[in-house]
Amino acid sequence: MGEEMVICIGCPLGCRTKLRIDRRGEVAKVAGNKCKEGRQYVVEEYRNPVRTFTATILTEKSIRPLLPVRSNRPILKSKLKEAARTLIQKKVKPPIKMGQVILPDILNTGADVIATDDLLN
Ligand code: SF4
């Protein structure tokens, strides 16, 4: 048994919740949430936290040295550093349109890394 504090970011209230964890590592009780959706969010955040991956990628043959990118869906939080390391090894050349896939299925997560801006010459 143990306890975990998780802040719900489901809405601007930002409820501070307390999760009671049983011997098997499962969530036995949630307190501090003000709605059902918040309970669902914090349990999922405890079990399987995900984040949208955001970064910049080096460019070549462009006056702009970096292009901002993000994943088109959240990926496991535990994979964010590895995703950043993967991106460091890549360079892109113009022209690139906002929303264009830069790196498909990063780390076999099912998420594509896409440009969040245009890259012209
Ligand atoms: S628990 Fe509900 S009310 Fe509280 S922050 Fe999360 S979504 Fe908002």
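## Burial and the residue Ile102

A residue is called buried if 20 or more other C-beta atoms lie within 10 Å of its own, exposed if 12 or fewer do, and partly exposed in between, with the C-beta atoms placed from the backbone. Ile102 counts as buried because it has 20 C-beta neighbours inside 10 Å. This residue is found in strand E9, where strands (E, at least two residues) and helices (H or I, at least four) are DSSP runs numbered from the N terminus.

Two residues are in contact if their C-beta atoms, placed from the backbone, lie within 7 Å. When residues up to four places away in sequence are not counted, Ile102 touches Ile57, Val69, Val92, Val113, Ile114 and Ala115. Gly2, by contrast, is 100 residues from Ile102 along the chain, and the C-alpha atoms of the two are separated by 42 Å.

## The model and its numbering

The structure is a predicted model, in which local features need pLDDT of at least 70 and side-chain atom pairs count only at pLDDT 80 or more, while totals for chains, interfaces and linings use all residues. Residues are numbered from 1 along each chain as its sequence is written.

## Overall form

The protein has two helices and ten strands, and from the N terminus on these elements follow the order β-β-β-α-β-β-β-β-α-β-β-β. Along the principal axes, the C-alpha atoms fill a box of roughly 55 × 30 × 20 Å. The radius of gyration of the protein, taken over C-alpha atoms, is 19 Å, whereas a compact globule of 121 residues would have a value near 14 Å; the globule rule is 2.2 Å times the number of residues to the power 0.38.

The protein is divided into domain 1 (2-48) and domain 2 (54-115), with bounds that come from an automatic or database domain assignment. The centres of domain 1 and domain 2, taken over C-alpha atoms, are separated by 31 Å. Of the contacts in the protein with a separation of 6 or more, 44% are between residues 24 or more positions apart.

## The nonpolar core

Buried residues make up 17% of the 121 residues in the protein. A nonpolar core is a set of buried Ala, Val, Leu, Ile, Met, Phe, Trp, Tyr and Cys residues joined through C-beta atoms within 7 Å. The largest such core has twelve residues, and these are Phe53, Ile57, Leu67, Val69, Ile75, Ala83, Ile96, Ile102, Ile106, Ala111, Val113 and Leu119.

Leu103 also has its place in strand E9 (residues 101-103), but Leu103 counts as partly exposed because it has 18 C-beta neighbours inside 10 Å. Leaving aside neighbours within four places in sequence, Leu103 is in contact with Lys90, Asp112 and Val113. Gln89 and Leu103 are 14 residues apart in sequence, and from C-alpha to C-alpha they are 12 Å apart in space.

## Around the ligand

A residue is counted as near a molecule if its C-beta atom, placed from the backbone, lies within 6 Å of it. The residues around the ligand are Cys8, Gly10, Cys11, Leu13, Gly14, Cys15, Asn33, Lys34, Cys35, Glu37 and Gly38. By class, this shell has five nonpolar, four polar and two charged residues; Ala, Val, Leu, Ile, Met, Phe, Trp, Tyr, Cys and Pro count as nonpolar, Asp, Glu, Lys and Arg as charged, and the others, Gly among them, as polar.

Cys35, one of the residues around the ligand, lies in the loop between E3 and helix H1 (36-47). Cys35 is partly exposed, because 13 other C-beta atoms lie within 10 Å. The C-alpha atoms of Cys35 and Cys15, which are 20 residues apart along the chain, are separated by 9.6 Å.

## Loops and backbone details

Glu26 has its place in the loop between strand E2 (16-21) and strand E3 (27-31), and it is exposed because 12 other C-beta atoms lie within 10 Å. Pro95 lies in the loop between strand E8 (91-92) and E9, and the peptide bond from Pro94 to Pro95 is cis, with omega near 5°.

Asp105 is found in the loop between E9 and strand E10 (113-115), and Asn108 lies in the loop between E9 and E10. Each is a residue other than glycine with a positive phi, near 45° for Asp105 and near 55° for Asn108. Asp105 is exposed, with 11 other C-beta atoms within 10 Å, and Asn108 counts as exposed with 7 C-beta neighbours inside 10 Å. The C-alpha atoms of Asn108 and Glu26, 82 residues apart along the chain, are separated by 27 Å.
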